[in-house]
Structure formats: structure tokens, C-alpha cells
Amino acid sequence: MSEEERELHFGDTLPSIPDWDDEWDDWVTKLVFIGIDMDRAEIERTLDETLLTEEEMLMNWRELKDPFPAWS
């Protein structure tokens with residue numbers, strides 16, 4: 001909902017928006033792991049490897065190689 005729409009519906013008493021990202025104007029996505037004897041550092045390292053580099057963020061993402069097989 002845009003700021004104008006929120007003001008229309010809520011007036012001067014806008015509800016707070018937890019976890020709002022001002023840069024991307026989107027909600028925060030959270031991934032939760034629940035388990036026993038999990039290696040937090042290894043999980044974080046593995047997930048960090050999947051993040052796009054600054055160079056990849058600036059390029060046309062359609063040019064990136066798709067690591068998954070084509071869907072039929």
C-alpha cells in the first residue's frame with residue numbers, strides 16, 4: 001500500500017511498519033533454521049556464497065547462468 005493509500009485509510013495514525021527496508025521498499029524476508037547441533041558459521045558462510053556480487057547486482061540478471069535445469 002502506498003503512503004497516500006495508508007494515509008487515506010488510517011489518517012494521522014499510520015501503523016508502524018516493522019522490518020521495512022527503505023532502500024528496496026519491501027518487507028524483510030527471514031529464513032529460520034531449527035535443529036540440533038547446527039553449525040551457524042557454516043550455514044552463514046554457505047548462504048553468503050549465494051549472494052550476488054556488486055558487479056552482478058548492476059548487470060542484467062538475464063545474462064546470469066541459470067544453475068537449474070530447464071523446466072518442461
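This note goes through the predicted model point by point.

1. Basis of the model. The structure is a prediction, in which local features need pLDDT of at least 70 and side-chain atom pairs count only at pLDDT 80 or more, while totals for chains, interfaces and linings use all residues. Residues are numbered from 1 along each chain as its sequence is written, and side-chain values use heavy atoms, with hydrogens and water left out.

2. Helix α2 covers residues 40–49; helices (H or I, at least four residues) and strands (E, at least two) are DSSP runs, numbered from the N terminus. The whole structure has three salt bridges, a salt bridge being a side-chain nitrogen of Lys or Arg within 4 Å of a carboxyl oxygen of Asp or Glu. One of them joins the side chains of Glu44 and Arg40, at 2.8 Å from N to O. Because Glu44 and Arg40 are four residues apart in helix α2, about one helical turn separates them. Glu44 is partly exposed at 38% relative accessibility, and Arg40 is exposed at 63%. For these words, buried means under 20% relative accessible area, exposed over 50%, and partly exposed in between (1.4 Å probe, protein chains only).

3. Arg45 forms a salt bridge with Glu42, at 2.6 Å from N to O. Both residues lie in helix α2, three residues apart, which is about one turn of the helix. Arg45 also pairs with Glu49, where the closest N and O atoms are 2.3 Å apart. Glu49 and Arg45 are four residues apart in helix α2, so about one helical turn lies between them. Through shared partners, the salt bridges join Glu42, Arg45 and Glu49 into one network. In relative accessible area, Arg45 is partly exposed at 40%, Glu42 is partly exposed at 36%, and Glu49 is exposed at 56%.

4. The largest pocket. Which residues line the largest pocket? They are Leu31, Phe33, Met38, Asp39, Arg40, Ile43, Glu44 and Leu47. A pocket is found on a 1 Å grid over the protein atoms alone, as an open set of points where a 1.4 Å probe fits, with protein on both sides within 12 Å along at least five of seven lines; lining residues have an atom within 4 Å of a point. The space in the largest pocket is about 190 Å³, a volume being the space filled by probe spheres set on grid points that are joined across faces, edges and corners. Its lining has five nonpolar residues, no polar ones and three charged ones. In this count Ala, Val, Leu, Ile, Met, Phe, Trp, Tyr, Cys and Pro are nonpolar, Asp, Glu, Lys and Arg are charged, and the others, Gly among them, are polar.

5. Asp39, one of the lining residues, is in the loop between β2 (26–27) and α2. Asp39 is partly exposed, with a relative accessible area of 46%. Asp37 lies in that loop between β2 and α2 as well, and is exposed at 78% relative accessibility. Asp37 has a positive phi of about 55° although it is not a glycine. Most residues other than glycine have a negative phi.

6. The nonpolar surface patch. Trp24, Leu52, Met57, Leu58 and Trp61 make a nonpolar surface patch of about 590 Å². Such a patch is made of residues with over 30% relative accessible area and no salt bridge, with nonpolar side chains (Val, Leu, Ile, Met, Phe, Trp, Tyr) joined within 5 Å. Areas come from the Shrake-Rupley method with a 1.4 Å probe. Met57 is in helix α3 (residues 54–58) and is partly exposed at 33%.

7. Helix α1 and distances. Glu3 is found in helix α1 (residues 3–10) and is partly exposed at 45% relative accessibility. Glu3 and Ile36 are 33 residues apart in sequence and 43 Å apart in space, C-alpha to C-alpha. For Asp39 and Phe10 the figures are 29 residues and 45 Å, again C-alpha to C-alpha.

Technical notes. Patches are made of residues with over 30% relative accessible area and no salt bridge: like charges are joined within 9 Å, nonpolar side chains (Val, Leu, Ile, Met, Phe, Trp, Tyr) within 5 Å.
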